[in-house]
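Hello,

Here is the structure I promised to pass on. Please open it first, then read my notes below.

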Amino acid sequence: MFANLWRMKRRARGAWARNAWTQARKPKRERLLRLEALEGRQLLALIISEFRLNGPAGANDEFIEIYNSADTPITVAAADASAGFALAASDGVARFIIPNGTIIPARGHFLGVNSVGYSLASYPGGNGTTATGDATYTTNIPSGEDPDGGGGNPPLPRLGIALFNTSNPANFVLANRLDAVGSTAEANTLYKEGTGHPALTFFAIDHSFYRDPCGKQGSITTFGPCPADGVPNDTDNNAVDFVFVDTNGTSAGAGQRLGAPGPENLSSPIALDVGPIISRSLLDSTVVVGNPPNKVRDFTMDAANNSTFGTIALRRRFVNNTGAALTRLRFRIIDLTTFPAPSGIADLRPRTSGAVVVAGINDPATCAATGTPATAPCTATVQGTTLEQPPNQPNGETVRLLAGVG
Ligand SMILES: [Ca+2]
Ligand SMILES: [Ca+2]
Ligand SMILES: [Ca+2]
């Protein structure tokens, strides 16, 4: 278990949804204007949440993930008579279209992939599904790659990308743009926000740029809770909104940080912070958070599993208040001290764990829910977590991997 999970609090953004109700009592014209404004804000909730423009399978190992950051589903409907929303590169050519009528759930995703090279199609998705593309394309988006793979060439240009509320290229203009991300090497401001994220030196590495859901810009030396509380940052400044990670902790020009790409599609899990939630508490609330059985430090060396200095186990109880059956409980790690941690800061690597039976629990609620006997003191089984792969993790598991229970 982990120190930092997706936060499950409701966000202030819920305020505008409530505003929609209060508009019902206003004069009709004002109401219409306000509703149009609300529709605009809802569309702006569609953001590019993660992408990469090359990978271990080469220049075409690309994916682009779109995210609905609103509290309500978004039904795609182009602003003109075109086929849907387009994701275009700064060469002005659309790579994929989200067709009209597509419903992207609240906090849900839509994934576009380059089918020539995309190598993460078996990344875990939803129940029995994987992160295959909801839409595909076959034209490379140049991003600093060696044009022929033979070396000795100037790198290809690094193109930015943008999402438009139309698929008509003639209408790829700022007024129709929903979001954009590009590097400092991109000259066209239509295809980036702010100065752009750092331009990457091309290596065939498993990496991605993702919108920071923590709010620390990927810093592994900043302690305390995540200011962004699990909601991907969009301050319209790519340089601070996006974080670079790769599975080797490579220094490629955009910060050195061990982590994993996490492409998500329409089938992928959705953070349950809208409506009924899954509540979280200590395994034993009669004991402070830093002591067993809530936190257990085991100094046993296990170098073969990246635990040279032992392990830390964090134990929590989760209650399903959704009213629906859950097939699996999954967590995404969004903040962790890890490689390359400076001296004095722990280099932590999440890993798979097995179930353990814990005795001496004095928490009446835990005992009533799952204890033997059902009254305190009791014994309870704490389930382990399984790190979900690919991508393969040659250096031990890292920030942003999914971990599942059940
Ligand atoms: Ca590319
Ligand atoms: Ca933006
Ligand atoms: Ca993702």
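Four strands form an open sheet in the order 5-4-9-10, and their pairing is antiparallel. Strand 5 (94–99) and strand 10 (177–181) are the edges, each pairing on one side only. Ignoring direction, neighbouring strands here are turned by 15° against each other on average. Across from F164 in strand 9 stands A86. As background, strands of a sheet pair through backbone hydrogen bonds, either parallel or antiparallel.

The mean pLDDT of the protein is 86, and 85% of its residues reach 70 or more. Residues 1–26 fall below 50, yet this stretch has 45 contacts in the model beyond near neighbours in sequence. Where pLDDT is low, the predicted coordinates should not be read in detail.

**The cores**

The largest nonpolar core has 53 residues. Those touching the most other members are I48, F51, F85, L87, A88, I161 and L163. Strand 4 (residues 84–89) gives this core its largest share, five residues. There is also a second, separate core of seven residues, with L282, L283, I361 and A380 among them.

What does L163 touch, leaving aside neighbours within four places in sequence? Its contacts are L46, I48, I66, F85, L87, L178 and D179.

**Strand 12**

Strand 12 (residues 242–246) is mostly covered, with five of its five residues buried. F242, F244 and D246 point one way, while V243 and V245 point the other. In a regular strand the side chains alternate between the two faces of the sheet. Strand 11 (residues 207–211) runs antiparallel to strand 12, and five bridges join the two. R211 stands opposite F242.

**A glycine in a loop**

G133 sits in the loop between strand 7 (109–114) and strand 8 (135–137). Is G133 buried or exposed? It counts as buried, because G133 has 20 C-beta neighbours inside 10 Å. Not counting residues up to four places away in sequence, G133 touches L111, G112, V113, S115, Y118 and N265. E65 is 68 residues from G133 along the chain, and their C-alpha atoms are separated by 9.3 Å.

Best wishes

Conventions. Residues are numbered from 1 along each chain as its sequence is written. Chains are lettered from A and ligands numbered from 1 in the order in which they are written. This is a predicted model: local features need pLDDT of at least 70, side-chain atom pairs count only at pLDDT 80 or more; totals for chains, interfaces and linings use all residues. A residue is buried if 20 or more other C-beta atoms lie within 10 Å of its own, exposed if 12 or fewer, and partly exposed in between; C-beta atoms are placed from the backbone. Two residues are in contact if their C-beta atoms, placed from the backbone, lie within 7 Å. A nonpolar core is a set of buried Ala, Val, Leu, Ile, Met, Phe, Trp, Tyr and Cys residues joined through C-beta atoms within 7 Å. Two strands pair if DSSP finds at least two bridges between them. Axes are lines fitted to C-alpha atoms, for helices over the stretch in contact, and angles run from 0 to 180 degrees between N-to-C directions. pLDDT is the predictor's confidence in each residue, from 0 to 100.
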